[in-house]
Amino acid sequence: MAAIGFLVFFSNAMFPPLLPYLAREFSVGPLDFKWLVPGFSLAYGAATLAYGVASDRFGRVVTLGRLLCLATVAMTVLSFAASAHQLIVLRTLSGLTTGGIVTISLSIVGDRYPYRVQGAPMGRMFGVIATGMGLGVSLGPMLSALVGWRWTVRLIAVGFLIAAYLVQRQLPTAATTDRPWPLGFEVLDEYRCILAASRSSRALIFIFANGIFHGGIFAWLGVLLAQRYKLGETGLGLTFLGYGLPDLILGSVIGGWADRYGRRYVVPSGFLWAAICASAIALSKSPWIAAFGIAALSVGFDATHPLMSSITTSLDPKHRGQVTGMTTFANFVGIALGALLFRELLPLGFTLALMSFAGLEATFGIAAGFCFQTEQP
């Protein structure tokens, strides 16, 4: 499941740092790709709402295998985009096929580990996911410089195909439930119940806020580094190289801290740490300082999102796929909104935009210190 999550987030993360070079290839400006990240994120988030329900009804392995096959087709077609408009449309459509893959993978982990010891395996999952994001924004541009972004996407499609084969071969097919497919109003009522529970609504609000922060920064950070430090594709890749690597080592450790001491301490600290890292990136005068800030920023993600996600996955085991889908939806809608908000702040300069987002994250960190007080070990 961690390997599948890595593959999905590698493919998701490789496009934002390539914006300056995609713009040159298709003879448009970088800001003309305004909807490349938000369009994908909205489609991805909306898809999770349906696929989570499907995994609860038809079984996780069956649904996951079919989605991996669809993702293979979507990524292959995406690699043949002939214009900027086609690239945006095809990438948005790819979000509809990849949207449920990580959601179902997280649900499988939630099925196998009880909540009291779930922090460590969830931390491991998101540590690998963050590593996928980090290598996507670093190795993605390097591979694109070497073989081109189109062949990089095709290699990812091959990875999805192999994953589909391994899922069907190695995982036991879970028995589907006897419940019929629910009517539309029943699904909506189940989502209403999720939002009505104070513990889940609180977690979803902060997941949404965290998505705004991380999504907004990483949608445009490649453009910032290219303009401020005059970096090429290889230089961008090296600058982003550290993102996610600390999580590969610390993901399980941070999750273990949450299991032992409670999320009430770890989650607010993660918000505040991310705000400090964003401020350091905004004020950096050297690409090396920015690189250290980017690497440290991923620790803030690993100390917040996986721990809040594990709160939601523990709410209702019978609807774990649906609840996890709702969590992913909140995160990716936040990512889309964050990318759009950061784009609107760009005329004021990258430094002010980053500092504004850092202030927003710090505010939510202080609020989290009060709102997560009930999350005991």
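View 1. Phe364 is partly exposed, with a relative accessible area of 25%, where partly exposed lies between buried, under 20% relative accessible area, and exposed, over 50%, computed with a 1.4 Å probe on protein chains only. The residue sits in helix H17 (residues 350-371), helices being DSSP runs of H or I with at least four residues, numbered from the N terminus. Leaving aside neighbours within four places in sequence, Phe364 is in contact with Phe206, Ala209 and Phe271, contact meaning heavy atoms within 4.5 Å. Ser252 lies 112 residues from Phe364 in sequence, and their C-alpha atoms are 24 Å apart. The model is predicted, with local features requiring pLDDT of at least 70 and side-chain atom pairs counted only at pLDDT 80 or more, while totals for chains, interfaces and linings use all residues. Residues are numbered from 1 along each chain as its sequence is written, and side-chain values use heavy atoms, with hydrogens and water left out.

**View 2. Helix H10 and its kink.** Helix H10 (residues 198-229) has 32 residues, which should span 46 Å at 1.5 Å a residue, and its end C-alpha atoms are 46 Å apart, in agreement with that value; the expected span is 1.5 Å times one less than the number of residues. A kink of about 45 degrees is centred on Leu221, the bend at a residue being the angle between axes fitted to the seven residues ending there and the seven starting there. Of the 32 residues in H10, 26 are buried, so that the helix is mostly covered. After H10 comes Lys230, whose phi is positive, near 55 degrees.

**View 3. His214 within helix H10.** His214, which lies in H10, is buried, with a relative accessible area of 7%. Not counting residues up to four places away in sequence, His214 touches Tyr243, Ala274, Leu297, Gly300, Phe301 and Glu361.

**View 4. Packing of helix H3 against helix H16.** The axes of H3 (residues 36-58) and H16 (residues 320-345) come within 7 Å and cross at roughly 175 degrees, with axes fitted to C-alpha atoms over the stretch in contact and angles running from 0 to 180 degrees between N-to-C directions. The two helices are therefore roughly antiparallel, a term for angles over 145 degrees.

**View 5. The covered residues of helix H4.** Helix H4 (residues 60-78) reaches 26 Å from its first C-alpha to its last, close to the 27 Å expected for its 19 residues. Among its buried residues are Arg60, Thr63, Gly65 and Met75. Elements that cover the buried residues of H4 include H3, H16 and helix H8 (149-170).

Technical notes. Angles under 35 degrees count as roughly parallel, over 145 as roughly antiparallel, 65 to 115 as roughly perpendicular and the rest as oblique.
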